[in-house]
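Please keep the structure open while you read this note. Each point below picks out one place to look at.

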Amino acid sequence: MNVTGNIYGINGPIVTILGNPGFKMAEMVYVGKNRLVGEVIGLRKDRTVIQVFEETTGLKPGELVEGEGKALSVTLAPGILTNIFDGIERPLKAVAEVGGAFIPKGVNVDSLDQERLWDTTLCVAEGDRVYPGTVIAKVPETQAITHKVMVPPDLHGVVTRVVPDGKYTIQDTLVVLKEDDGREIPLTMTQQWPIRIPRPVNKRFPADRPLVTGQRILDTLFPIAKGGTAALPGGFGTGKTMTQHQLAKWCDADIIIYIGCGERGNEMTNVLEEFSELVDPKSGNLLMDRTALIANTSNMPVAAREASIYTGITLAEYYRDMGYHVAIMADSTSRWAEALRELSGRLEEMPAEEGFPAYLASRLSAFYERAGYVENLNGSDGSVTIIGAVSPQGGDFSEPVTQNTKRFVRCFLALDKSLAYARHYPAINWLTSYTEYLNDLAPWYNSHVGPNFVYCRNQLLNLLTTESHLNEIVKLIGSDVLPDDQKLVLEIARVIRLGFLQQNAFHPEDTFVPMEKQLKMMETILYLYNKCKALIEMNMPMALLREQGIFEKIIAIKYEVGNKELYKFDQYRDMIDEFHRKIMETNA
């Protein structure tokens with residue numbers, strides 16, 4: 001029998017019950033006559049504290065609170081992909097059919113379609129011994145992804161009955177499992193998993209391969225490891241959401257989980273509309289075929305916002321267990337932290353810096369540490385990569401959420417307002433961003449792209465850093481007083497900024513750039529720099545070098561050379577040689 005209690009006090013989304021009727025910590029509960037979904041977050045001798053994931057207007061003291069007997073969990077089965085959920089895995093399409101444009105109180109809809117029939121191919125036979133993670137059936141969930149039905153992580157035994165291949169719902173018994181103690185357990189396509197508990201794995205692998213995104217500033221200067229963590233902080237209008245769109249569309253992850261956490265309603269609407277129309281460049285199918293969206297806008301209850309990132313990471317871990325590589329776009333963790341702050345204030349906890357709770361850092365670390373490249377229980381490899389957007393107020397990176405996030409991520413992609421306003425996209429500042437993955441990924445670059453990839457990358461970054469120092473001098477005394485070798489550095493740095501770092505998401509050849517082309521572009525820019533440097537050392541004036549227009553031609557490479565036309569780079573090298581020879585002959 002489920003435990004019950006009566007409401008004693010209500011403070012926004014926080015509900016208290018006098019005494020402890022027998023609820024368990026993190027237990028899911030139903031609150032009031034509308035049966036609002038909540039979670040036990042505090043147990044003391046004299047009272048029980050519950051956070052409610054829905055609007056509590058109209059709730060009265062004395063109303064009943066009923067325990068579910070289990071932790072807040074998500075339903076894991078075919079039907080997750082292409083779906084749009086709220087923060088506690090209620091499908092918004094089904095909710096809209098019941099309540100219209102807004103989520104009604106206590107709406108009770110199934111997380112996944114219980115009646116849809118799925119084509120099912122069984123992968124085990126009677127007498128087989130199965131273990132946690134063993135694939136018992138395969139279901140084509142979308143045109144892009146095959147859903148692998150697995151034995152739950154806490155079960156193992158011998159298969160005693162198997163249904164024939166055919167069409168089944170997610171609740172139909174597919175396999176009967178006999179445990180070692182003699183109990184028989186029916187297995188369906190459905191699993192339930194508590195959102196705050198990471199799913200188990202066999203072992204974790206160190207970062208040794210990049211998440212290839214096709215975005216030059218990321219793949220070359222600040223790579224993210226597959227199974228790694230990255231923060232994307234930036235003020236309003238710097239392009240966080242658009243950068244995440246590009247990553248979702250082009251990165252080499254199999255599945256995308258997009259979490260819109262506390263974002264504006266109109267922005268989430270744009271995301272939902274765009275994702276439903278985007279074509280996956282890899283398969284030609286809709287991008288939604290390998291995407292699940294969690295939409296929790298700023299006008300939805302804050303407690304559900306707090307739960308949404310755990311819902312998203314649990315869905316990602318489930319597909320990782322099947323052997324897929326999953327990328328999570330969390331937009332934004334600042335809004336999630338604001339939900340923590342509001343709940344903490346209502347709980348009358350001692351505030352820390354800027355009113356955030358003292359446990360902000362530990363909650364952030366618990367989220368980011370669920371990323372990783374792992375060996376699953378069934379022996380397959382999978383990964384979860386987390387890219388979390390941060391929205392510091394006023395673009396101030398010294399605020400607590402950004403600073404604490406920096407402690408737990410190994411790639412920091414700082415978006416810059418001045419770059420965004422200058423229409424330089426992606427507006428990632430190459431001086432304040434950093435990655436700690438480069439040394440781990442260097443062997444992969446050497447074997448898969450080219451042995452001088454890391455060297456070229458470091459050369460480019462050195463030139464950009466030198467340009468920054470020279471610009472400080474230019475601001476004081478002007479550029480005319482600089483010697484020609486320093487003027488050359490400024491010119492080559494301009495070529496790097498405009499021809500390499502700046503990328504056009506709407507140009508068919510520039511929206512995604514393969515690693516081989518990125519290396520060829522770097523080599524060409526550095527070849528030009530070395531040839532010009534040799535001319536400068538022969539006292540050729542910088543003005544003469546500019547007259548030839550060679551720098552503009554190299555900037556145009558990103559448009560002029562197609563992704564499958566790498567042979568054209570030889571022509572550009574010949575063009576640079578011809579430029580060098582012409583300068584020498586003219587001034588012989």
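1. Start with Thr-48, which sits in strand 5 (residues 47-52). The model is a predicted one. Is Thr-48 buried or exposed? Thr-48 counts as buried because its relative accessibility is 0%, and the cut-off for buried is under 20%. A polar atom of its side chain lies 3.0 Å from the backbone oxygen of Gly-19. Neighbours within four places in sequence aside, Thr-48 also touches residues including Val-15, Thr-16, Ile-17, Asn-20 and Pro-21. Phe-23, Val-40, Gly-42 and Leu-43 are in contact with Thr-48 too.

2. Now look at Arg-44. This residue is in the loop between strand 4 (36-43) and strand 5. Its relative accessible area is 48%, so Arg-44 is partly exposed. How far apart are the C-alpha atoms of Arg-44 and Pro-78? They are separated by 40 Å, and the two residues are 34 residues apart along the chain.

3. Two residues deserve a check of their phi angles. Most residues other than glycine have a negative phi. Thr-82 has a positive phi, near 75 degrees. Thr-82 lies in the loop between strand 7 (73-76) and strand 8 (84-85). With a relative accessible area of 39%, Thr-82 is partly exposed. Glu-354 is not a glycine either, yet its phi is positive, about 55 degrees. Look for Glu-354 in the loop between helix 6 and helix 7 (360-368). Glu-354 is partly exposed, at 48% relative accessible area.

4. Next come two peptide bonds. Most peptide bonds are trans. The bond from Asp-331 to Ser-332 is cis, with omega near 5 degrees. Ser-332 is in the loop between strand 22 and helix 6 (333-346). The bond from Tyr-425 to Pro-426 is also cis, with omega near -5 degrees. Pro-426 belongs to the loop between helix 9 (417-421) and strand 26 (434-435).

5. Helix 3 (residues 240-250) is largely enclosed by the rest of the structure, because nine of its 11 residues are buried. Which residues of helix 3 are buried? They are Lys-240, Thr-241, Thr-243, Gln-244, His-245, Gln-246, Leu-247, Ala-248 and Trp-250. What do they pack against? Two helices are among the partners: helix 2 (216-221) and helix 4 (265-277). Strands are there as well: strand 19 (229-233), strand 20 (255-261), strand 22 (325-331) and strand 24 (381-390).

6. Ser-308 is found in helix 5 (residues 302-321). Its relative accessible area is 0%, so Ser-308 is buried. Which residues does Ser-308 contact, leaving aside neighbours within four places in sequence? They are Gly-87, Ile-259, Cys-261, Ile-294 and Asn-296.

7. Turn to the nonpolar cores. How many residues does the largest nonpolar core have? It has 88. Those with the most contacts inside this core are Tyr-445, Ile-492, Ile-496, Leu-528, Leu-545, Phe-551 and Ile-554. Helix 13 (residues 515-537) gives the most to this core, with 12 residues.

8. Take Ile-554 as an example from the largest core. Residues up to four places away in sequence are not counted here. Ile-554 touches Val-495, Thr-524, Ile-525, Leu-528, Tyr-572 and Ile-576. Leu-528 is itself one of the residues with the most contacts inside the core.

9. Tyr-445 is another of those residues with the most contacts. Tyr-445 is buried in helix 10 (residues 438-448), as are Leu-438, Leu-441, Ala-442 and Trp-444. What covers the buried residues of helix 10? The cover includes helix 2, strand 26, helix 11 and helix 13.

10. Finish at the surface. Which residues form a nonpolar patch there? Ile-473, Leu-476, Ile-477 and Val-481 do, with about 420 Å² of accessible area together. Ile-473 lies in helix 11 (residues 453-477). Its relative accessibility is 36%, so Ile-473 counts as partly exposed.

Methods:
Residues are numbered from 1 along each chain as its sequence is written. This is a predicted model: local features need pLDDT of at least 70, side-chain atom pairs count only at pLDDT 80 or more; totals for chains, interfaces and linings use all residues. Side-chain values use heavy atoms; hydrogens and water are left out. A nonpolar core is a set of buried Ala, Val, Leu, Ile, Met, Phe, Trp, Tyr and Cys residues joined through side-chain atoms within 4.5 Å. Buried means under 20% relative accessible area, exposed over 50%, partly exposed in between (1.4 Å probe, protein chains only). Helices (H or I, at least four residues) and strands (E, at least two) are DSSP runs, numbered from the N terminus. Contact means heavy atoms within 4.5 Å. A polar contact is a pair of N or O atoms within 3.5 Å; within protein, one must be able to donate a hydrogen and the other to accept it, and residues adjacent in sequence count only if both atoms are side-chain atoms. Patches are made of residues with over 30% relative accessible area and no salt bridge: like charges are joined within 9 Å, nonpolar side chains (Val, Leu, Ile, Met, Phe, Trp, Tyr) within 5 Å. Accessible areas come from the Shrake-Rupley method with a 1.4 Å probe; for residues, only the protein chains shown count as cover. A salt bridge is a side-chain nitrogen of Lys or Arg within 4 Å of a carboxyl oxygen of Asp or Glu.
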